Amino acid sequence: MDLEKIVDNYHKKFPKYSKLIINNNVIEGIWVMGNNYTTKTSLYGAYPYGYLERIYSMFPKTNKTLHLFSGSIDDDDCDLVDFKTGINAESMAEILPHDFYDLILADPPYSIEDCDHYGCCMVKRNVVFKECFKIMKKSGILIWLDQVLPNYKKIEWDIIGRIGMVKSTNHRFRVVTIFMKK
């Protein structure tokens, strides 16, 4: 994986934003998303404005892209897994093809309070990670947006990126952790 090229693509697309660096073969940085409330959905917990554009500048979307916990995504070019689609992320490998996806983007509920807003249950992050491993191609990218670093097996995944993200004042701080399947 050419991390320099990934970072260069980001900087070309967003030359005025905070710079990402590569430290010990890991992309690192901080994103201040700003208080732009023009997201295309009123759904609680939707991606911040500009988040997907930043992600796709580094990891372009393919026809083998999957959005996990995708309640607000309206994209016919990607597969979606969410309680609203009727597919359970904790058992998705039973119905989705194995060794298939190039890119998986996940933004699970962070707390029980969030689940109350969504009308769902907390997910077992470690179980979802195991399911992602089954359906992800070798060298595929899993981008996990969360307030915690989920349990994962270092023999299965490398962390190739950690980007702190805050929207604006009085918003949670989250981490975009970028994993690559070994």
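Phe-179 is buried, with a relative accessible area of 0%, where buried means under 20% relative accessible area, exposed over 50%, and partly exposed in between (1.4 Å probe, protein chains only). The model is a predicted one, in which local features need pLDDT of at least 70 and side-chain atom pairs count only at pLDDT 80 or more, while totals for chains, interfaces and linings use all residues. Residues are numbered from 1 along each chain as its sequence is written, and side-chain values use heavy atoms, with hydrogens and water left out.

**Overall fold**

- The secondary structure of the protein chain comes to four helices and eight strands, and from the N terminus on these elements run α-β-β-α-β-β-β-α-α-β-β-β.
- Of the 182 residues in the protein chain, 46% are buried.

**Aromatic pairs**

- Rings of Phe, Tyr and Trp (for Trp, its six-membered ring) pair if their centres lie within 6.5 Å, and planes under 30 degrees apart count as stacked, over 60 as edge-to-face and the rest as tilted; by this rule the count comes to 13 aromatic pairs.
- The rings of Phe-129 and Trp-157 have centres 5.5 Å apart and planes at 70°, so this pair is edge-to-face.
- Because Phe-129 lies in helix α4 (residues 125-135) and Trp-157 in strand β7 (residues 157-166), the pair ties together parts that are 28 residues apart in sequence.
- Both partners are buried, Phe-129 with a relative accessible area of 3% and Trp-157 with one of 2%.
- Tyr-152 and Phe-179 form another edge-to-face pair, with 5.1 Å from centre to centre and 65° between the planes.
- Ring pairs link Phe-69, Phe-129, Phe-133, Trp-144, Tyr-152, Trp-157 and Phe-179 into a cluster.

**Charges over rings**

- A charge sits over a ring if NZ of Lys or CZ of Arg is within 6 Å of the ring centre and within 35 degrees of the ring normal.
- The charged end of Lys-181 is placed over the ring of Phe-133, 4.3 Å from its centre, and Arg-54 lies over the face of Phe-14, at 5.8 Å from the ring centre.

**Salt bridges**

- Side chains of opposite charge can pair when their charged atoms come close.
- A salt bridge is a side-chain nitrogen of Lys or Arg within 4 Å of a carboxyl oxygen of Asp or Glu, and a search of the whole structure finds six of them.
- Asp-99 and Lys-181 meet through their side chains in a salt bridge (3.3 Å, N to O).
- Asp-99 lies in the loop between β4 (79-81) and β5 (101-106) and Lys-181 in strand β8, so the pair ties together parts that are 82 residues apart in sequence.
- Lys-181 counts as buried, at 6% relative accessibility.
- Arg-125 and Asp-146 form a salt bridge through their side chains (2.6 Å, N to O), linking distant parts of the chain, with Arg-125 in helix α4 and Asp-146 in strand β6, 21 residues apart.
- Arg-125 and Asp-146 are each buried.
- Within helix α4, Glu-131 and Lys-134 lie three residues apart, about one turn of the helix, and their side chains meet in a salt bridge (3.1 Å, N to O).
- Glu-131 is buried, with a relative accessible area of 7%, whereas Lys-134 is partly exposed, with a relative accessible area of 37%.

**Cysteines**

- A disulfide is a covalent bond between the sulfur atoms of two cysteines.
- With a disulfide taken as a pair of cysteine sulfur atoms within 2.5 Å, the count comes to zero.
- Cys-78 is buried, with a relative accessible area of 7%, and Cys-132 likewise counts as buried, at 0% relative accessibility.

Technical notes. Helices (H or I, at least four residues) and strands (E, at least two) are DSSP runs, numbered from the N terminus.
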